[in-house]
Amino acid sequence: VGCLRSGGTFAIREMCGRCACTRQPHELQSACAFRPKATRDEATRDEATRDEATGKTATIPKWVSSSLTYYPSYNIPPQSATPVLVSGYQPHIKSSIEEHSAQESGERVLQTMKWGLVPHWHKACNDLPLLNNCRSDGMMEKVSFRNAVQKGQRCVVIADGYFEWQQQRGNQKQPFFIYFAENGPTAEMTELTSLPTVSHIKQESNSLTDADGPSKPSTPPFTGRLLTMAGLFDAWRPSQSEGSLYTYTVITVDAHPSVNHIHDRMPAILDGEEEVSRWLSPDNATSEVLDLIRPCGTLAWHTVSRAVSNVRNKSSECVLPIDTSKQVSSKQYTLLNWFGRTQKTPNDYPNSEQTLKKPKLI
């Protein structure tokens with residue numbers, strides 16, 4: 001697992017340690033539309049949408065209430081609040097919303113949870129474990145994950161893609177952005193081969209980190225298929241007088257041969273609607289769906305700026321493809337970024353970009 005250092009840098013010790021999820025809640029709902037098993041009557045189809053590819057009716061998953069707030073971001077570290085898919089028949093879902101809403105939610109709902117599983121039995125409030133990842137070869141035995149496995153507390157972590165760092169000569173690491181091939185950057189984003197203007201950066205930074213809540217990024221880079229990663233969740237209560245905090249961990253496996261030149265581990269990715277449905281279904285014991293926990297080879301990737309290595313950098317530069325031959329080192333980037341705030345504009349530095357407003361870390 002990784003740990004958050006003072007100053008906002010993140011120590012990469014295990015994957016998956018960073019991701020991007022740039023879509024607004026209603027956009028995520030549309031992207032997560034699914035076809036339920038049971039046939040719905042006409043009275044419940046007002047919340048359904050037509051699947052253009054098949055002509056069948058697809059259901060929009062509901063958001064369930066949560067004490068956590070999801071903020072779209074190009075650079076999401078562990079300990080952030082992000083959206084996950086869970087079964088609508090999980091006990092905590094059925095008890096948290098009205099009976100008629102639970103029936104309408106069907107098999108699947110969206111819930112905001114904190115990345116970094118805290119086992120339900122954990123006692124100390126000021127010394128929370130950082131269980132960002134769960135190795136597949138130990139999840140059935142390790143006490144931290146045993147409760148979630150036994151109770152079928154499975155979730156699907158959704159994102160546009162995740163970041164991984166390739167070890168290079170010396171201490172340098174080259175970050176990559178990895179995603180489903182159907183979800184590459186849009187044409188508008190790939191045209192941004194040179195850095196935007198200062199005013200554009202400021203507008204974009206504010207749109208993703210506003211203290212009043214999320215607002216739509218000025219240029220959303222992804223509109224295609226969401227990455228769906230297998231996860232486990234648990235509910236932890238700091239005290240009897242406080243509500244439960246829902247947290248999750250991403251299950252990891254050995255990397256597929258197509259991506260093991262980047263890193264030797266990868267998330268367990270659920271490739272397709274059938275796999276997502278099997279993983280979430282409470283009718284399946286975890287032991288019955290372990291065949292889904294395997295390397296995935298249907299991914300695409302590209303190199304990105306080392307700016308993503310600092311969690312304070314939230315702009316679209318974190319996901320844009322770059323020419324590595326022109327890239328500055330992490331230390332050079334930090335120095336250029338520091339002096340550039342008062343002396344230079346971003347266009348003076350190839351593959352670097354200023355963070356003009358300190359973002360709210362969640």
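A residue is called buried here when its relative accessible area is under 20%, exposed when that area is over 50%, and partly exposed in between, with a 1.4 Å probe and protein chains only. This is a predicted model, in which local features need pLDDT of at least 70 and side-chain atom pairs count only at pLDDT 80 or more, while totals for chains, interfaces and linings use all residues. Residues are numbered from 1 along each chain as its sequence is written, and side-chain values use heavy atoms, with hydrogens and water left out.

Select Thr-286 to begin, in the loop between helix 7 (273–280) and strand 17 (299–303); helices (H or I, at least four residues) and strands (E, at least two) are DSSP runs, numbered from the N terminus. Thr-286 counts as buried because its relative accessibility is 5%. Leaving aside residues up to four places away in sequence, Thr-286 touches Val-149, Gly-152 and Arg-154, where contact means heavy atoms within 4.5 Å. With Arg-154, the side chain of Thr-286 also makes a polar contact of 3.0 Å, a term for a pair of N or O atoms within 3.5 Å, of which, within protein, one must be able to donate a hydrogen and the other to accept it, residues adjacent in sequence counting only if both atoms are side-chain atoms.

Turn next to the salt bridges, of which the structure holds seven; each is a side-chain nitrogen of Lys or Arg within 4 Å of a carboxyl oxygen of Asp or Glu. Select Arg-108 and Glu-273, whose side chains meet in one of them at 2.8 Å, N to O. Arg-108 belongs to strand 9 (residues 108–115) and Glu-273 to helix 7, so this pair ties together parts that are 165 residues apart in sequence. Arg-108 is buried at 3% relative accessibility, whereas Glu-273, at 33%, is partly exposed.

Then select Arg-265 and Asp-254, another salt bridge, again given as 2.8 Å from N to O. Arg-265 sits in strand 16 (residues 265–267) and Asp-254 in strand 15 (residues 245–254), eleven residues apart. Arg-265 is buried, with a relative accessible area of 6%.

For a further salt bridge, select Asp-137 and Arg-135, whose closest N and O atoms are 3.5 Å apart. Asp-137 is exposed at 54% relative accessibility, and Arg-135 is partly exposed at 35%.

Finish at Gln-79, in the loop between strand 7 (73–76) and strand 8 (81–87). Most residues other than glycine have a negative phi. The phi of Gln-79, however, is positive, near 80°.
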